[in-house]
Amino acid sequence: MLARHDIRALAIGARFEQCCQRQGSARVLSVHNRVINLVAQDELLALALPQAGGSSRFLSLNVLPDVRCGNELQLNRTELIVGKKSIDLRTVPRWQNVLPPDACATLTPELFAEFAEAVRDLAIHSEINVDAPLAPQTVTRFLGLGPGLTPAGDDILLGYLAADNHLGENRAWTQAMHVVVASALDRTTMLSAQLLKNALECDYHETVQRVLAVLCGLSSENLLSALRRLTQVGASSGESTVYGMWMALQRIALEWNSDQLQPLKTIGYEGEVVDLTQTAVEQPQKMEVNLV
């Protein structure tokens, strides 16, 4: 008889639930203090404690099971079987997104300035040497750049995509970024590739969604508070994601007219003065804004 009730499911993400509906096995990819990453049906899922936040690919549990990398779990419509333990999924509530996938907003000088101030207050910096702005022609410089399951270059790219998806008004640019990223996901780790694929579908971890909800005017949460929570994800992943968002907002700001940009001429970062009015939109590879 399988042991029940030792581990309780608290919430299930839509993507995790879909994999359960298809049934099959899942292999443990990596084990961490608050998250266990799984590979199931060529998709990455995760078992997570509530402190890890929510995601469409998470199954939130009251405690994590004792598993090792390579262990196999069984998924079906009613339960998750881990060794001799059975986790009941029949009545588990669906995790709700904080941000609608189609949410969008216009970046204003005031919002840009607030984000810039938060970046300074949080001392956001890049874990890698960023010698070029993110653009369709430079994406491959970032993919897989840095150590770990989610290299810093990928975290930066994820943040960039997230901000551009919901605040960027140059849809041709956004589409070009999507095409290049989608075609080059084999250049990075399995976990990073999945997270970037999710971002292309406007599917993000809860902490990213909360920042975007503030930027889109859908949340009354303080922007600095939402950004600080994001920076606490992983050793440096959250901070790199914020850095990527900041790069995207600067690129979006380049499309403003000179009158709108005038108030931004004195915004400084780490002693530098960022003069966006002197940067060419048509040639993003020449952008001179340097946050390193």
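Which residues does T231 touch, not counting residues up to four places away in sequence? In this predicted model, T231 touches L122, I124, G238, E239 and V242, where contact means heavy atoms within 4.5 Å. T231 is placed in helix 8 (residues 223-231). Helices (H or I, at least four residues) and strands (E, at least two) are DSSP runs, numbered from the N terminus. T231 counts as buried because its relative accessibility is 19%; buried means under 20% relative accessible area, exposed over 50%, and partly exposed in between, with a 1.4 Å probe and protein chains only.

Residues are numbered from 1 along each chain as its sequence is written, and side-chain values use heavy atoms, with hydrogens and water left out. As the model is predicted, local features need pLDDT of at least 70 and side-chain atom pairs count only at pLDDT 80 or more, whereas totals for chains, interfaces and linings use all residues.

The strands form an open sheet of 8 strands in the order 1-5-4-3-2-6-7-8, with mixed pairing. Its edge strands are strand 1 (9-12) and strand 8 (85-88), each of which pairs on one side only. From one strand to the next the twist averages 25°. Two strands are taken to pair if DSSP finds at least two bridges between them. In general, strands of a sheet pair through backbone hydrogen bonds, either parallel or antiparallel. Strand 1 pairs with strand 5 (residues 58-61) in the antiparallel sense, over 3 bridges. I12 has L59 in strand 5 as its bridge partner.

Helix 1 (residues 14-22) packs on this sheet and touches strand 1, strand 2 (24-31), strand 3 (35-40), strand 4 (43-48), strand 5 and strand 6 (72-75). The direction of helix 1 makes about 110° with that of strand 4. Axes are lines fitted to C-alpha atoms, for helices over the stretch in contact, and angles run from 0 to 180 degrees between N-to-C directions. Helix 6 (residues 190-200) lies across strand 2, strand 3 and strand 4, and runs at about 95° to strand 4.

Helix 7 (residues 206-215) is mostly covered, with 9 of its 10 residues buried. The buried residues of helix 7 are E206, T207, V208, Q209, V211, L212, A213, V214 and L215. These buried residues pack against helix 2 (109-121), helix 4 (152-167), helix 8 and helix 9 (237-253). G217, which follows helix 7, has a positive phi near 75°.

Most residues other than glycine have a negative phi, and most peptide bonds are trans. D42 is not a glycine, yet its phi is positive, at about 65°. D42 lies in the loop between strand 3 and strand 4 and is exposed, with a relative accessible area of 78%. C202, also not a glycine, has a positive phi of about 60°. The loop between helix 6 and helix 7 holds C202.

Side chains of opposite charge can pair when their charged atoms come close. A salt bridge is defined as a side-chain nitrogen of Lys or Arg within 4 Å of a carboxyl oxygen of Asp or Glu, and the count comes to 11 salt bridges. R15 and E201 meet through their side chains in a salt bridge of 2.7 Å, N to O. This pair links distant parts of the chain, with R15 in helix 1 and E201 in the loop between helix 6 and helix 7, 186 residues apart. R15 is partly exposed at a relative accessible area of 21%, and E201 is partly exposed at 36%.

A salt bridge of 3.0 Å, N to O, joins the side chains of R22 and E43. Here too the pair links distant parts of the chain, as R22 is in helix 1 and E43 in strand 4, 21 residues apart. R22 is partly exposed, with 44% relative accessibility, whereas E43 is buried at 19%. Through salt bridges that share partners, R22, E43 and R57 are joined into one network. E221 forms a salt bridge with R229, with the closest N and O atoms 2.6 Å apart. R229 counts as partly exposed at 34% relative accessibility.

A disulfide is a covalent bond between the sulfur atoms of two cysteines. With a disulfide taken as a pair of cysteine sulfur atoms within 2.5 Å, the count comes to 0 disulfides. The sulfur of C104 is too far for a bond because the closest cysteine sulfur, in C216, is 6.9 Å away. C104 is exposed, with a relative accessible area of 58%. C69 also counts as exposed, at 51% relative accessibility.
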